[in-house]
Amino acid sequence: MTGRAGHTVSDTPQPWNCPTGHRLGHVARAGRIRRLFLYRQADEPRDVIAALTGNARIVCSVCRQEREWDVAAEALQELLERRQNSFLDPLDSDAASVIA
Ligand SMILES: [Zn+2]
């Protein structure tokens, strides 16, 4: 099975870090639903304890800083980043297809 047109870069998991840069989890998409796959310990991607949708307040296991997971805010952030990336790399057809 190969990807068809319409398969976008948003299917690639995105790192989700605490305010000081520890990796708390990653964001991945299933259909139109975006979920945060939360690690039990920061920077330990092999140990996922939860797949979150909606809103949650996550505390970093290393530095105790908090970050708010908000699925709607993440969607907007991703769109803005993708838009910037498409300016930087106009040859990235995946990025362009998301905006279209
Ligand atoms: Zn941290």
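Two strands count as paired if DSSP finds at least two bridges between them. Keep that in mind as we walk through this protein, which is a predicted model.

Let's step back for the overall plan. The protein has 2 helices and 6 strands. Of the 100 residues in the protein, 12% are buried. Among contacts between residues at least 6 apart in sequence, 25% join residues at least 24 apart.

Now for the sheet. Four strands form an open sheet in the order E1-E2-E3-E4, with antiparallel pairing. Strand E1 (14-17) and E4 stand at the edges, and each has a single partner strand, so one side of each is left without a neighbour in the sheet. Neighbouring strands here are turned by 30° against each other on average, direction ignored.

Let's follow the strands one by one. Across from tryptophan 16 you'll find glycine 25 in E2. To get from E1 to E2, the chain makes a hairpin with 5 residues between the strands, and glycine 21 in that hairpin takes a positive phi near 105°.

Strand E2 covers residues 23-30, and it pairs with E3 in the antiparallel sense over 6 bridges.

What about the inside? In soluble globular proteins, nonpolar side chains tend to be buried together. Here, the largest nonpolar core has 9 residues: Cys18, Leu24, Val27, Leu36, Tyr39, Ala42, Ile58, Cys60 and Trp69. The elements that give two or more residues to this core are E2 and E3.

Not counting residues up to four places away in sequence, leucine 24 touches Trp16, Asn17, Cys18, Leu38, Tyr39, Ala42, Ile58, Cys60 and Arg67. Several of these names, including Cys18, Tyr39 and Ala42, are on the core list too.

Next, look at two residues in loops. Aspartate 43 lies in the loop between strand E3 (33-39) and strand E4 (48-52). Is aspartate 43 buried or partly exposed? Buried would take 20 or more other C-beta atoms within 10 Å, while exposed would take 12 or fewer. Aspartate 43 has 14, so this residue is partly exposed. Leaving aside neighbours within four places in sequence, aspartate 43 is in contact with His22 and Arg23. Aspartate 43 and valine 62 are 19 residues apart in sequence, and their C-alpha atoms are 9.0 Å apart in space.

The other loop residue is glutamine 65, which sits between strand E5 (55-59) and strand E6 (66-70). Glutamine 65 has 15 other C-beta atoms within 10 Å, so it is partly exposed as well. Which residues does glutamine 65 contact, leaving aside its neighbours within four places in sequence? They are Cys18, Pro19, Thr20 and Cys60. Proline 19 is 46 residues away from glutamine 65 along the chain, yet their C-alpha atoms are separated by 6.6 Å.

Technical notes: Residues numbered from 1 in each chain as written. Predicted model: local features only at pLDDT ≥ 70, side-chain atom pairs only at ≥ 80, totals over all residues. Contact = placed C-beta atoms within 7 Å. Axes fitted to C-alpha atoms, helices over the stretch in contact; angles between N-to-C directions. Core = buried A, V, L, I, M, F, W, Y, C linked by C-beta atoms within 7 Å.
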